[in-house]
Amino acid sequence: AEMISPISDHLFNINAFNDFEDVIILEWDIYPHDDFYTYEIWRSDVATASTETLEGDGEKLVEIITKELDYFEDRLSIGSGKKWYYFIKTYNNYGENIESEVTPGDTRL
């Protein structure tokens, strides 16, 4: 039991910037606590507000190990005029995780 520490609650305020033709830029408020281990960025084209559905039908785009990094540029086959749904999953050093809300993003035609 002493080897497990619950992850601290955090509001990510994740935003997707859609003003571009070939990229969707995600920004969020960093997880500020000392037990940070990694961020995972998840994406799906299934319209949902559920992180479970998004994780089941989508894909993990990247793992980020830099705590201070607060943005990601998605350029991976995003298409033109297509809508994507994103969330961030953050792990602490003990394997506990929290998830952001789901945010939509799309590219211009």
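Strands S6 and S7 (residues 97–99) pair in the antiparallel sense over three bridges, where two strands count as paired if DSSP finds at least two bridges between them. Within this pairing, Thr90 has Ile98 in S7 as its bridge partner. The model is predicted, so local features need pLDDT of at least 70 and side-chain atom pairs count only at pLDDT 80 or more, while totals for chains, interfaces and linings use all residues. Residues are numbered from 1 along each chain as its sequence is written, and side-chain values use heavy atoms, with hydrogens and water left out.

**Strand S6 and its partners**

- The hairpin of S6 and S7 has four residues between the strands, and Gly95 in this hairpin takes a positive phi near 85 degrees.
- Strand S3 (residues 36–44) also runs antiparallel to S6, and eight bridges join the two.
- Thr38 has Tyr91 in S6 as its bridge partner.
- S6 pairs with strand S8 (residues 103–106) as well, in the antiparallel sense and over four bridges.
- Here Trp84 stands opposite Gly105 in S8.
- Nine of the 10 residues of S6 (residues 83–92) are buried, so this strand is largely enclosed by the rest of the structure; buried means under 20% relative accessible area, exposed means over 50%, and partly exposed lies in between (1.4 Å probe, protein chains only).

**A three-stranded sheet**

- Three strands form an open sheet in the order S1-S2-S5, with antiparallel pairing.
- Strands S1 (15–17) and S5 (71–74) stand at the edges with a single partner strand each, so one side of each is left without a neighbour in the sheet.
- Neighbouring strands of this sheet are turned by 20 degrees against each other on average, direction ignored (axes are lines fitted to C-alpha atoms, for helices over the stretch in contact, and angles run from 0 to 180 degrees between N-to-C directions).
- S1 is joined to strand S2 (residues 24–27) by three bridges, and the two run antiparallel.
- Ala16 has Leu26 in S2 as its bridge partner.

**Nonpolar cores**

- The largest nonpolar core has 19 residues, and those touching the most other members are Ile24, Leu26, Trp28, Tyr39, Ile41, Tyr86 and Ile88 (a core is a set of buried Ala, Val, Leu, Ile, Met, Phe, Trp, Tyr and Cys residues joined through side-chain atoms within 4.5 Å).
- S2, S3, strand S4 (59–64) and S6 are the elements that give two or more residues to this core.
- A second, separate core has five residues, among them Trp42, Leu54, Tyr85 and Phe87.

**Two backbone angles to look for**

- Most residues other than glycine have a negative phi.
- Asn13 is not a glycine, yet has a positive phi of about 50 degrees; Asn13 is found in the segment before S1.
- With 35% relative accessibility, Asn13 counts as partly exposed.
- Ser77, in the loop between S5 and S6, has a positive phi near 45 degrees.
- With 63% relative accessibility, Ser77 counts as exposed.

**The whole chain**

- There are one helix and eight strands in the chain (DSSP runs numbered from the N terminus, with helices being H or I of at least four residues and strands E of at least two).
- Along the sequence, the pattern reads β-β-β-α-β-β-β-β-β.
- Buried residues make up 40% of the 109 residues.
- The C-alpha trace spans about 55 × 25 × 20 Å along its principal axes.
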